[in-house]
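Subject: Structure handover

Hello,

Here is the structure for you to look over. My notes come after it.

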Amino acid sequence: MDWCHYRFRSIWELPAPPSAVYGTLERAEDYPRWWPQVREVTPEDGRSGTARFRSFLPYDLVVDVSERRRDPDAGVLEIGMTGDLDGWMRWTVRPHGTAGARVFYEQVVDVRKPLLRYLAVPGRPVFRANHAWMMRSGRRGLAAALAGAAPAA
C-alpha cells in the first residue's frame, strides 16, 4: 500500500438547480467566499492557477491547477493538480429530485509535501478525517452561497 496515495469521494445533495450549482463550482476564484478551508485561489489564464488550502491541521497545501475538462452539458468540471498534491479532482453535477442537484466529488492524489509524507503512516487517519471535515464544511458553505444567490420568492 502506498501510504501517500489517497482516493476521496463525497456526495452532496443540494436544494438548488444543477445549472446554479455548476455555475458556482466553475468559478473557482470565488471558492474562498463560501468554503473557509479554500484560503486562496489565484487564476492565471482562465484555465489554470494556484490554490491554497488549510483545514483544522496546522499546515497549508499549495497546488498548481489546470483545467482538464469543463463540460456544462455533462455537468463535469475536472482539474489536474501538481505541487503539495499531485493528481486530479472532479465535480459531476446531476439533477436530483424535482429541483435539486446531486454533486459527486472525486479526488485521486499523491501527497508530495515532505512533512505529510514523513507522517504518512501514523497520520493517515487524521489526514482522512481532516479531509472529511473540509468536505462537510464545503457542502454547508456551498448550500449557503446558493441560498443567498437565489431570487426571493
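This is a predicted model: local features need pLDDT of at least 70, side-chain atom pairs count only at pLDDT 80 or more; totals for chains, interfaces and linings use all residues.

**Pocket.** The largest pocket holds about 880 Å³ of space. Its lining comprises 46 residues. Nearest the centre are Ala51, Phe53, Val65, Ile79 and Met89. By type, the lining splits into 28 nonpolar, 10 polar and 8 charged residues. Strands E1 (5-14), E2 (38-43), E3 (48-53), E4 (61-71), E5 (76-83), E6 (85-96) and E7 (100-111) each give two or more residues to this lining, and so does H4. E4 gives the most, with 6 residues.

**Core.** The largest nonpolar core contains 39 residues. Those with the most contacts inside it are Trp12, Val21, Leu25, Trp35, Trp91, Val103 and Leu142. Helix H4 (residues 120-149) is the element that gives the most to this core, with 6 residues. Look at tryptophan 35 in particular. Leaving aside neighbours within four places in sequence, tryptophan 35 contacts Trp12, Trp91, Met134, Met135, Ser137 and Gly138.

**Glutamate 78.** This residue sits in strand E5. Is glutamate 78 buried or exposed? Glutamate 78 counts as buried, because its relative accessibility is 9% and the cut-off for buried is under 20%. What does its side chain make polar contacts with? One partner is the side chain of arginine 68, at 2.8 Å. Another is the side chain of arginine 90, also at 2.8 Å. Beyond four places in sequence, glutamate 78 touches Ser66, Glu67, Arg68, Arg69, Trp88, Met89 and Arg90.

Best wishes

Note on methods
Residues are numbered from 1 along each chain as its sequence is written. Side-chain values use heavy atoms; hydrogens and water are left out. A nonpolar core is a set of buried Ala, Val, Leu, Ile, Met, Phe, Trp, Tyr and Cys residues joined through side-chain atoms within 4.5 Å. Buried means under 20% relative accessible area, exposed over 50%, partly exposed in between (1.4 Å probe, protein chains only). Helices (H or I, at least four residues) and strands (E, at least two) are DSSP runs, numbered from the N terminus. Contact means heavy atoms within 4.5 Å. On a 1 Å grid over the protein atoms alone, a cavity is a set of points where a 1.4 Å probe fits but cannot get out, and a pocket is an open set with protein on both sides within 12 Å along at least five of seven lines; lining residues have an atom within 4 Å of a point. Grid points are joined across faces, edges and corners, and a volume is the space filled by probe spheres set on the points. Ala, Val, Leu, Ile, Met, Phe, Trp, Tyr, Cys and Pro count as nonpolar, Asp, Glu, Lys and Arg as charged, and the others, Gly among them, as polar. A polar contact is a pair of N or O atoms within 3.5 Å; within protein, one must be able to donate a hydrogen and the other to accept it, and residues adjacent in sequence count only if both atoms are side-chain atoms.
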